[in-house]
Amino acid sequence: MASPNDNRDEVARLIAEAARFLPPQGPIDAFVAQNTLQGFEDLPFEEAVIRAAALHDAEPFLPESRYREELARGRIRAADIDAVLAADLGDRRFAHLAGGRITLGELCRQLLLHGVRLESDAAVRWTLTESPAIERLRPDLDETARERLMGLGRAAGAATDIDAERNVTGELWRACVETTSRPRPSVVHGRPPVRHRDLLLAVDPAVDTDALVHPLLIRLVAAYLDQGVAAWAMPDRDRGLLAAAADLVGRGGVLPEGWTRPLPDRMRAVAAACGPGLPPESISLDVIAAELEALGIPRPSWPDHIARSLVALRGWAGMVRQLEIRPDRAPVVRLPVRLADFLALRLLLDRAATEWALGRRGFPIAADGAGDTGLGAAWVELRDRHPPRRGPGSLARGLLLHQVSQLVGLTPADIQSLDDDDLVDLERAIAAFDAVSRRRLFHLAYERRHATEVLDALAAHATIDVLRSGRPRVQAVLCIDDRCESFRRYLEEADPAVETFGAAGFFSVPMYYRGIDDWHTIPLCPIVIRPTHTVTEVPEEGAAALNRRRQSRRRLLARLRGGAESGSRTLFRGGLFTSIGGAIAAVPLVARVVFPRLTARAASHAADVARRGIRTRLELLRQVDVPLPDGTLAGFDVAEMAAMVRRLLEDIGLTRGFAPLVAVIGHGSTSLNNPHESAYDCGACGGGRGGPNARAFALMANDPAVRKALAAGGLEIPAHTVFLGGMLDTCTSRVRWFDLDRVPPSHAEALSRWLADCTRAGSLDARERCRRFDSVPLDVSPDEALRRVEGRAGDLAQVRPEYGHATTAVCIVGPRSLTRGLYLDRRAFLVSYDPSADADGAVLERSLAAVGPVCGGINLAYLFSRVDPVGYGAGTKLPHNITGLIGVMDGHCSDLRTGLPLQGVEIHEPVRLLLVIDAPTDRIRNALGRLHAVRRLVENQWVRTVARDPATGRLATFSAANGGRFVPYEPESLAIAMAPDSTSWYRGRRDNVPPARILAGSITPDTAP
Amino acid sequence: MTAAEIAFLHDAVAGLVTWQLAAPAATLVAIGLPALVGRPLPERATTWIVGAGFTTGFLAALATLAALAARGFVPEVVHLGSLFTANHHAATIELVADSLSVPYVCFATGLCGLVNAFAGKYLHREPGFTRFFILLALFGTGMNLMVLAGSIDVLFAGWEFLGISSALLIGFFHERRNAVDAALRAFTTYRVCDVGLLAAGVVIHQAAGSGDFAQVFAGTWPNATSLLPPATATLVGLLLVFAALGKSGQVPFTGWLPRAMEGPTPSSAIFYGALSIHAGAYLLLRCEAVLDAAPVVAWLLLAIGVATAIHGAVVGSVQTDLKGMLAYASMTQAGIILAEIGLGLRLVPLVHVVSHAILRSLQILRSPSAMHDRHELAAALGGHPGPSNSTLLRLLPTGVVKGLYRVALDRGLDEPLVARFVVQPVLATLEAAAAAERRWVEFLGGAAAGSPRRGDDGGAA
């Protein structure tokens, strides 16, 4: 018998192991798109998705019918299927089947190109009687195969073609049925599940103990984690979930009925144990071990049982886990959260429900007491009774063989001549190429077509480098975000003298930030970084008094509004408020519903008026070196600022040839009535808005002291260059600028021209975005498009304020010259990188460290939410119900819905990120060698990696099959479509548009300024 | 006013009132028929048609209101036809436009119109788009039928439309088990309580020889008096109150209401924030004369209303999800409103209903904004408001507070009570009946015919 301590260590280890499979999503107010299957990154992608799908009861790939539609419309081509089959089967594709008449490769190819379903025995009977399956040849046969079979039919003496067809299909059918009736149908033994609940459900679909346990468990956990929705908080939350819940449930109070009858006594015992003495963690671990023993689960099954028990309510369990490891991410209340508490509580409830359900089904379950209650015996018996999956009957197999024979060209005589071994081999080969295998290959083919399209375009598109060809008028640094691609393209299309760069949207300024209207600081940097500095926005000296008045007005209004809001729900004030307040509420109700855009405008106008005259500045320069209460320093010193500025400029390769105006533009997104609002903000800012980072960067780069420090280090920024910070709202396509009044008068003209450029680019960007919205006509004008996107942002009824990253597919790390003038359809992350200035690969390593997890994470989050919107995604938004200010449920009591909502991913094409890196392969390999997490993503093919040799421009794709080598890529075609401008290229289309060369945006020697 | 003018006015009002009922019914047909033959209209046309129905209905109601106001709110009775007559017994289809029904139609139709406009965008690309609007039109028709009803029979018909559309919208996402369970729960509660209304109708017919309110009540709302004998009035009153309890989610039938938040947000807003939840209040307001005649019933109503209000406030204060919290807030107000009716007030509850419905539907429609709103509030106040544990709780001993919290977290005591003393006995009876049937079948048809299918011997909880 193991000692308690060993038990505890063992259970704790198993929990940590299982916790990897839980969704990595934290509270919804800082939604960071991450790989849904982070816990599986150790495995190759294809294997991982299949294993994860089994664990989560989800889909590994899109449905086969979807891929077949894509095949039919040419999105997947036969060439893609041939290529992925050749790569997947290798030499096995030449293996002989059916006595050497066909090869495995041919069989698989036909099964992919033509849909053949294995029907159930009952369905086969229907098919045989109600459809002409055994009277007519398949309509999708190619001509030669068809003629060959028809020839046989005619030879047997048929007057007409129809008779011939009937002859040959009938004969083939007889041959198939005779053949398949020889060997016996097989029985497939799967491994039975380990939880009582799943075992019971398999025996009796009407009994689901989770349906009993979950409502109570969800209520308890939700109450525990609540961040301030409930007016009455759960008592004793500081003692941990198990102690608090056991105390409450142990009180009884409520009439115990049914399965909950033994709960109060047991919970009282747990609550008693939770007193002083052992640390709470140990108590939970003890409870878990005791419950597993009582459930009668043998030790070897513990890991599986623990994993399954957690995954059964994975949204809530995952949230518990996230708050356990990152308590600082709790929006309001920090709590001592432990996944072990959750599991202990769950198992306590599970056992009670299981006993009840088994008792009702006639199992001898002891009422309660020490030792064995009969659950273990029941577990063993249920596993024995677990219904085995029967193999298909001979009719079903006959029909399958009949269909396949036509496709691969086997004649009735061929079939009759098969001996038993041949037949078994053939049937096994067909069965082995099951639906999941087919979908996997379809998916690979689907991705291959996408890669071919993009890589061919990249190979064909060559322009000269603007940096070296002339003096730019303005340089703009935007986020690498795929949504900034179109904005950059329009800026460049309008003026060849505008140059743009892409950098992770926190602009190398990791900080906690607090604006003048904020109540606490928020981290603005990738989630892997914990900032060590805090920056505050303060009113200018002259505006301090004005701001105080405004803040007190604001506080008063908020108090009134908040009071009315919460008051309307109480007993005494509620009666009063609701009977009077309705008349007042009618105004916003009608206004918001009938005139959403006007109302939103009026509201933002009112906010602007209130802010008018209050100039603010950032407290960037550190005054004292004493840390703040949270341990961070207030502001940066000059050396730190210089280092950050240098780092960004070096990363993007902007170290000389500065334009007079350099705009640094972060991004964020505002939308109403959208719990997932934060999912549309900047991933590089940890689900925050990157405006303050851009502003801070511009202020630092303009600071004479910083410039002096930079010059001392060899990075000279000319005196006439001015940096300007701004923020692009990706929902309204408008840019908000910071500190415009600090731009010197010498730049006034350049500035006003630039602001007009951005407004114009914004409206064109809005129009390009609008083509994706079904509810906006395709011929909308740019100004109307701008009004439309603005209206969506402020509309309570709009569940698609923007599509976010919903088309993301590519990431290109390299100079803009690779992609300038290339229409990438808002589908590419563009990371500026100058391979010529990075011989040691230090910059590449830095860039990949950020780009891999951020872009890869976003791409995979969208991929999985699209592949299975219910299993991995958050499902439709329509019944979503915010709970505890940490997440959403479906309706009144469901698992927390993690992942992205259906409305955000519906237009997404789920392909893995195509990561193109413009660097020699050695440098890439070295950089990856030092980045464990990114290397794992690359080597296990969670991203598709392509290297572009900067010297030759040749592409090479990373191939895991050959021991992780880069294999030269041969373009299918070097012809590239051309269009005068972006608008004329996408016009009239709603779906994805392939890359094309946009002449207006391309810099050729003639247009170079 | 000359006789001709009065006749004209009467005809005009009759036309307008009919239109208020016909408009949503016509839209129901206009969008329902194409869907029935498998060619549903495009989204835009669907919303436009339903919107046009509600808007014209709303305008007609406003015009009626003006016409009525011009004549000092003398009720107008519109006779639509007669279902059947037997001897001195008649079941007629009558609508009545008076100072209760017409303002109520204005408000209900207006709200339906707003929710229609909202849902047109909210449900864009949803596979059940047409179904939602069919149910909304059905609801609007039922609502106006119930409100304008001039007889208990017509009112019952409208009441049933309301119930079925409500249950179907709760189960809108029928691929989820929770939604279907919740719909079934609401439907069962409705059906049980509908017995009260049906029985009340039968008793009224029996006592008055007609279901027309004009035959049952004398005078005009809100000063009508009951023509029923006192004992009958008490019986009818009890039955009506029983009917109202289910639809308005009152103690002890509160359990279905928080569970009903399973459908799309706009339907939750209009049903459980605004209109459906107040159907019970409307029924009792319409039949207020019965309550006047039966003080026992009025007192009972007052007690139930107060109990519900307290229950809703206590249970609601521990809810951690937005829609659940708003459901209990609605329940609290519905309880207060019923208590007001029990106190003999008439205009106050009417105003309260309208005002509460508007406020609450706005809150539910906005509930996905909660994160946004809370952050804004916290930013303005300089900190998160956090839980506002009331002073009352601080005065009670910890044990009592925890016990109360536990009860509140379990959604009160009425649910387990009903489960134990109503649902379980009924289920046990049904199971016994099923077992008896099996035995009979076995006895009559041999063992094979009656052998239990797998899963028959247990299951339903």
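Biologist: How many residues of chain A are in contact with chain B?

Modeller: This is a predicted model. Contact here requires C-beta atoms within 7 Å. On the chain B side 89 residues take part, and on the chain A side the number is 83 residues.

Biologist: Which helix of chain A gives the most to the side that touches chain B?

Modeller: Elements that supply at least two residues each include α10 (209-225), α11 (241-250), α24 (544-567) and α25 (572-594) of chain A, along with the strands β18 (880-883) and β19 (887-890). The top contribution is 15 residues, and it comes from α25(A).

Biologist: By class, how many residues on that side of chain A are nonpolar, polar and charged?

Modeller: Pro counts as nonpolar and Gly as polar in this grouping. The side of chain A that touches chain B then has 19 charged, 25 polar and 39 nonpolar residues.

Biologist: Is α10(A) mostly covered or mostly exposed?

Modeller: α10(A) has 17 residues and reaches 24 Å from its first C-alpha to its last, close to the 24 Å expected. A residue is buried if 20 or more other C-beta atoms lie within 10 Å of its own. By that test 14 of the 17 residues are buried, and α10(A) is mostly covered.

Biologist: Which are the edge strands of the open sheet of 5 strands in chain A?

Modeller: The strand order is β6-β5-β12-β13-β14 (chain A), with mixed pairing. The twist averages 30° from one strand to the next. An edge strand pairs on one side only, which gives β6 (498-503) and β14 (734-737) of chain A.

Biologist: Which residue in β14(A) stands opposite Gly726(A)?

Modeller: Strand β13 (residues 722-729) of chain A pairs with β14(A) in the antiparallel sense, over 4 bridges. Across from Gly726(A) stands Trp737(A).

Biologist: At about what angle does helix α30 (residues 748-770) of chain A run to β12(A)?

Modeller: Another helix, α23 (residues 483-494) of chain A, lies across β5, β6, β12 and β13 of chain A and runs at about 165° to β6(A). Helix α30(A) lies across β5, β12 and β14 of chain A, and its angle to β12(A) is about 35°.

Biologist: Which strand pairs with β9(A) in the antiparallel sense?

Modeller: Strand β7 (residues 511-514) of chain A pairs with β9 (residues 533-539) in the parallel sense over 3 bridges. Strand β11 (residues 633-634) of chain A also pairs with β9(A) in the parallel sense, over 2 bridges. Glu537(A) stands opposite Leu618(A), and the antiparallel partner, over 4 bridges, is β10(A).

Note on methods: Residues numbered from 1 in each chain as written. Chains lettered and ligands numbered in written order. Predicted model: local features only at pLDDT ≥ 70, side-chain atom pairs only at ≥ 80, totals over all residues. Contact = placed C-beta atoms within 7 Å. Pairing = 2+ DSSP bridges. Axes fitted to C-alpha atoms, helices over the stretch in contact; angles between N-to-C directions. Expected span 1.5 Å × (residues − 1). Buried ≥ 20, exposed ≤ 12 C-beta atoms within 10 Å, placed from the backbone.
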